[in-house]
Amino acid sequence: MNSKTTSSVTYRPDILTRISRKLRGRKVSRGIADNLLSILFLLILGAFMALPLIYVIFNAFKPLEELLLFPPRFFVTNPTTQNFKDLFNLMNETWVPFSRYVANTVFITATTTFFHIAFSSMAAFVLAKHVFFGSRALFKIVVLSLMFNGVVTAVPNYLLLADLNWIDTSLAVIVPAIQAPLGLYLMKQFMEPIPNSILESARIDGAGEFRVMWSIIMPQVKPAWLTLIILQMQALWGLSSNYLISEQNKTLAMAMQQIVSGGIARMGVAGAVGLVMMVVPILTFVLSQSQVIETMSTSGMKE
Amino acid sequence: MGYLLKQFKKRLPVIIMLVPFFSLFFVFTVYPVLRSMWYSFTYYNVFTTPEFIGFDNYIRLFLQDSVFLTALKNTLIFAIITGPVGYLLSLLVAWLINDLSPKVRWFLTLVFYAPSISGAAVAIWTFVFSADRHGYANSFLLQLGLLSEPLAWFKDPRYVLMTIIVVQLWMSLGTSFLAFIAGLQGVNPSLYEAGAVEGIRNKWQELWHITLPAMKPQLMFGAVMQITAAFSVSDISVQLAGFPSVEYAAHTIVTHLQDYGMIRFEFGYASAIATVLFVMMIAANQIVQAALRRVGE
């Protein structure tokens, strides 16, 4: 053994560390035992998270006798699409045409999302790029209001909607949802890092504030408005509301709940409904994850 | 005068942009909160106009309404467990998956986030916690010998709150989890280089002295989201344990509020409940934000 090998032996791990640093962008590496432990932890927790949802999927394809099997079985042995057919048949027997529920949900979701994005991005632009008397206080109130969802304001909101004669109209659901403060908050934080110099040069070229907002800001904040679409869709797809009373005003989710509440005979249909209601929000997230994460990168609260 | 007019014209677009959102915001968020606070000092139901009665509603809440005290206790237990545990779990998982390759991270993010957006799928837990000896939770614990007879998880006042806490934790990797993932991704790698030079020895030191301070804004935002969720639980309690739950064992402030506001129409009393909840959320938030400021010190 000469000195050359010794030096190369001591040098080697350093190269490895360097490569792994390069790959992972980190200086301190974890030991193998640590990695095993964290993989085990992620596996157990991941199973806890995923198994119930996988169970929902299996249940949707189980024939009734398998659903009623005692003791229950996790996996489906004879998968069938009968539950979906039954659901479809039940849809045709509802009090009002089933398409009405679908149309209600689509109308509520589309209108709310459109105005939510339009209104909150305009207000976010002003709060992010203009300083005026009270602008900081205004934003502070928005941040404070992130803390109470509809629950705290339920009683006065009900009275207000009653005064406006909006109970049992879709306005009772749409208008309060348009001003959800989370959308404004995320949008404003996302707009803040856009350099003011771009805006200034557009203004020097004669662009008005609306032009600046529409042609410069809006294309840059695409991830943010996609995120707002996703958040609204997730909230509104499963929406059921006490304010929608007449059958013809109810949403898809409410119709589904009514179908499911038919007891044991409806268990198969309930399985299908469970899957239908779950799949839409999850699918939207599958399609939009990278944009949502990008939006969240500016979501932080400065002190 | 001409100057003022000119200024107004210059400001007009900005005003037009602010008005749509903030007029709705003040009408449907700020005004209802203030109105609720005012009603909390009145006697008010559907048949009467609000009549000022001072602190009577609050006195009744804390001295005469034993169901409210149960709800308060349950909400506090609930918030104190699901708030911090959900928050730390979100942070821990985000941190553990941060080092993985982008594709694996994408998949795991989906797996951990999915329960929080799967809505009605929460009903599946009635199978897991069904009361007979073949329910998954029962049969598992019976086989391990931890139980001698099956438990009625959602109907037994001793266990119902704990069972709902488990289900709530299942759904607790939500918006704050996504914010943490983004925050971790945004930490400047050169900070780690600098940390190593300054003598950071292990990953825990690195986490405390470099990573967490660098993502403090996300930690603050995540805390707000988690506190709101932890204090306003009601839907899953009603869905899984029913309303009213057995011996009010899963009764929360929000279900109490819904009882008085939407079923009994005692608006003044319900508003006092809402105000108590609101004050609790603000207080919890102040405490947590103060604690988070000390991260990395």
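Leaving aside neighbours within four places in sequence, B:Thr252 is in contact (C-beta atoms, placed from the backbone, within 7 Å) with B:Ala71, B:Asn74, B:Thr75, B:Phe78, B:Val233, B:Ser234 and B:Ser237. The model is predicted, with local features requiring pLDDT of at least 70 and side-chain atom pairs counted only at pLDDT 80 or more, whereas totals for chains, interfaces and linings use all residues. Residues are numbered from 1 along each chain as its sequence is written, and chains are lettered from A and ligands numbered from 1 in the order in which they are written.

B:Thr252 is placed in the loop between helix H12 (235–241) and helix H13 (253–263) of chain B, where helices (H or I, at least four residues) and strands (E, at least two) are DSSP runs numbered from the N terminus. With 29 other C-beta atoms within 10 Å, B:Thr252 is buried; a residue is called buried if 20 or more other C-beta atoms lie within 10 Å of its own, exposed if 12 or fewer, and partly exposed in between, with C-beta atoms placed from the backbone. B:Phe221, which is 31 residues from B:Thr252 in sequence, is 25 Å from B:Thr252 in space, C-alpha to C-alpha.

The loop between H12 and H13 of chain B also contains B:Pro244, which is joined to B:Phe243 by a cis peptide bond with an omega of about -10 degrees. B:Glu247 is found in the loop between H12 and H13 as well, and its phi is near 50 degrees, a positive value in a residue other than glycine. B:Glu247 is partly exposed, with 13 other C-beta atoms within 10 Å. In the loop between H13 and H14 of chain B, B:Phe265 has a positive phi of about 55 degrees although it is not a glycine, and B:Phe265 is partly exposed, with 15 other C-beta atoms within 10 Å. Most residues other than glycine have a negative phi, and most peptide bonds are trans.

Helix H8 (residues 175–185) of chain B is largely enclosed by the rest of the structure, because ten of its eleven residues are buried. The buried residues include B:Thr175, B:Ser176, B:Phe177 and B:Phe180. Their cover includes elements of both chains, namely helix H14 (267–296) of chain A together with helix H3 (66–98), helix H4 (102–117), helix H10 (203–214) and helix H11 (216–231) of chain B.

Between the chains, 80 residues of chain B are in contact with 70 residues of chain A. On the chain B side, the largest share, 17 residues, comes from helix H1 (residues 2–39) of chain B. By class, this side of chain B has 56 nonpolar, 18 polar and six charged residues, where Ala, Val, Leu, Ile, Met, Phe, Trp, Tyr, Cys and Pro count as nonpolar, Asp, Glu, Lys and Arg as charged, and the others, Gly among them, as polar.

Not counting residues up to four places away in sequence, B:Ile273 touches B:Leu61, B:Ile253, B:His256, B:Leu257 and B:Tyr260.

Chain A has 14 helices and zero strands. Of the 303 residues in chain A, 35% are buried, and residues 24 or more positions apart account for 75% of its contacts with a separation of 6 or more. The C-alpha centres of domain 1 and domain 2 of chain A lie 32 Å apart, and the contact between these domains takes nine residues from domain 1 and seven residues from domain 2. On the domain 1 side, the elements that give two or more residues are helix H2 (32–60) and helix H3 (64–67) of chain A, with H2(A) giving the most, five residues. By class, the side of domain 1 that touches domain 2 has seven nonpolar, one polar and one charged residues.

Definitions and conventions. Contact = placed C-beta atoms within 7 Å. Domains from an automatic or database assignment.
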